[in-house]
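Please read the following briefing alongside the sequence and the model.

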Amino acid sequence: MRTVRALGIAVALMGMTLASVPVAAATTPAPASAAADTRTPVGGGTGIIFRMAPSPDDHRTFYTCTLTAVGRDALGNLVGLTNAHCFIDEQGDKLVGAQVHRDSSPAGTAFAPAPVADSRPDLVTGAIGEVTYVSTPNNLLGDGPKGLDYAVIKLDESRVEATDTVGETTITSIGAPPAVGTRMCKQGHRTGLTCGVRTGTNGIWFTHLIWTDFGDSGSPVVVGTTLVGNAFGALHSSPIQSVIDEMTTHGGVGTGFHLAT
């Protein structure tokens with residue numbers, strides 16, 4: 001039996017073959033269009049899979065989350081963001097260096113959530129990136145320090161390309177959380193597009209009535225096409241501008257993050 005582990009609300013509270021070639025053909029260059037482009041589009045709302053055991057092609061256990069955004073840093077690296085708690089194991093260790101795959105299973109909706117057990121890595125594309133930094137998690141109900149709960153993934157541009165639209169959400173700009181009472185939405189791989197109003201502020205986070213489920217961790221929270229936060233469950237999100245400021249202060253991959261498209 002496959003054991004599936006998804007990170008969402010519950011975690012936030014603490015989911016060739018060879019052939020002969022004629023000589024004539026070998027001396028004639030193939031047209032550029034003949035080369036297959038296996039890159040896959042990724043953006044805010046794309047599902048990701050990681051910590052697969054025993055292997056990506058035979059993953060009996062695995063974890064799932066959602067990308068917050070895809071952009072470039074000051075050095076031009078293609079960077080993906082998601083939640084920090086996705087890459088913290090049961091012993092509390094941060095899994096920097098973890099390989100990340102795109103979830104190729106169909107996304108779900110609030111009324112028909114994507115079955116987490118059906119999640120599968122895109123084996124054609126292969127691993128799409130590597131985790132380079134894991135921030136302090138939210139520790140919403142724990143005794144530890146409170147963090148913005150974000151992880152930085154350096155994406156492999158030979159395998160992925162940025163898209164500004166995933167599902168029903170398009171992200172074209174970055175901004176601050178709106179006033180209390182403003183309607184916002186999130187795009188998660190598990191439950192798709194769900195919406196609710198902002199209800200207030202809790203320390204370094206903002207609160208809202210947006211539904212999330214296991215596997216939605218990291219979902220982009222948007223007002224129209226403006227990205228304002230990363231959902232970590234329990235009706236809380238971290239302001240994306242605070243995340244970017246902290247990344248830049250920390251340095252390394254992600255410094256000077258801006259949208260890629």
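**A loop threonine and the predicted model around it**

Thr-191 is found in the loop between β14 (183-188) and β15 (192-202), where strands (E, at least two residues) and helices (H or I, at least four residues) are DSSP runs numbered from the N terminus. The model is a predicted one, in which local features need pLDDT of at least 70 and side-chain atom pairs count only at pLDDT 80 or more, whereas totals for chains, interfaces and linings use all residues. Residues are numbered from 1 along each chain as its sequence is written, and side-chain values use heavy atoms, with hydrogens and water left out.

**Surroundings of Thr-191**

- Thr-191 counts as buried because its relative accessibility is 0%, given that buried means under 20% relative accessible area, exposed over 50% and partly exposed in between, with a 1.4 Å probe and protein chains only.
- The side chains of Thr-191 and Asp-216 are joined by a polar contact of 2.5 Å; such a contact is a pair of N or O atoms within 3.5 Å, of which, within protein, one must be able to donate a hydrogen and the other to accept it, while residues adjacent in sequence count only if both atoms are side-chain atoms.
- Leaving aside residues up to four places away in sequence, Thr-191 touches Gly-108, Thr-109, Ala-110, Pro-113, Lys-186, Trp-211, Asp-213 and Asp-216, a contact meaning heavy atoms within 4.5 Å.

**The chain and its confidence**

- The chain holds three helices and 20 strands, and of its 261 residues 48% count as buried.
- The mean pLDDT of the chain is 88, and 86% of its residues reach 70 or more, pLDDT being the predictor's confidence in each residue, from 0 to 100.
- Over residues 8-34, however, the pLDDT is below 50, although this stretch has 38 contacts in the model beyond near neighbours in sequence.

**The β3-β4 hairpin**

- Strand β3 (residues 47-55) pairs with strand β4 (residues 58-66) in the antiparallel sense over seven bridges, where pairing requires that DSSP finds at least two bridges between two strands.
- The two strands β3 and β4 form a hairpin with two residues between them, and Ile-49 stands opposite Thr-64 in β4.

**Aromatic pairs**

- A search of the whole structure finds four aromatic pairs, rings of Phe, Tyr and Trp (its six-membered ring) being paired if their centres lie within 6.5 Å, with planes under 30 degrees apart counted as stacked, over 60 as edge-to-face and the rest as tilted.
- Tyr-133 and Tyr-150 form a tilted pair, 5.9 Å centre to centre and with 45° between the planes.
- Tyr-133 lies in strand β8 (residues 129-134) and Tyr-150 in the loop between β8 and β9 (151-155), so the pair ties together parts that are 17 residues apart in sequence; Tyr-150 counts as buried, at 1% relative accessibility.
- Trp-205 and Phe-232 form an edge-to-face pair, 5.6 Å centre to centre and with 75° between the planes.
- This pair links distant parts of the chain, with Trp-205 in strand β16 (residues 205-208) and Phe-232 in strand β18 (residues 226-233), 27 residues apart, and both Trp-205 and Phe-232 are buried.
- Phe-50, Tyr-63 and Phe-87 are linked into a cluster by ring pairs.

**A buried aspartate**

- Asp-122 lies in the loop between β7 (99-102) and β8, and Asp-122 is buried, with a relative accessible area of 11%.
- The side chains of Asp-122 and Thr-125 are joined by a polar contact of 3.0 Å.
- Not counting residues up to four places away in sequence, Asp-122 touches Thr-40, His-101, Arg-102 and Ser-104.

**Backbone exceptions**

- Most residues other than glycine have a negative phi, and most peptide bonds are trans.
- A cis peptide bond, with omega about 0°, joins Ala-53 and Pro-54, and Pro-54 lies in strand β3.
- Arg-51, which also lies in strand β3, has a positive phi near 50° although it is a residue other than glycine, and Arg-51 counts as partly exposed at 22% relative accessibility.
- Asp-149, in the loop between β8 and β9, is not a glycine but has a positive phi of about 55°, and Asp-149 is buried, with a relative accessible area of 0%.
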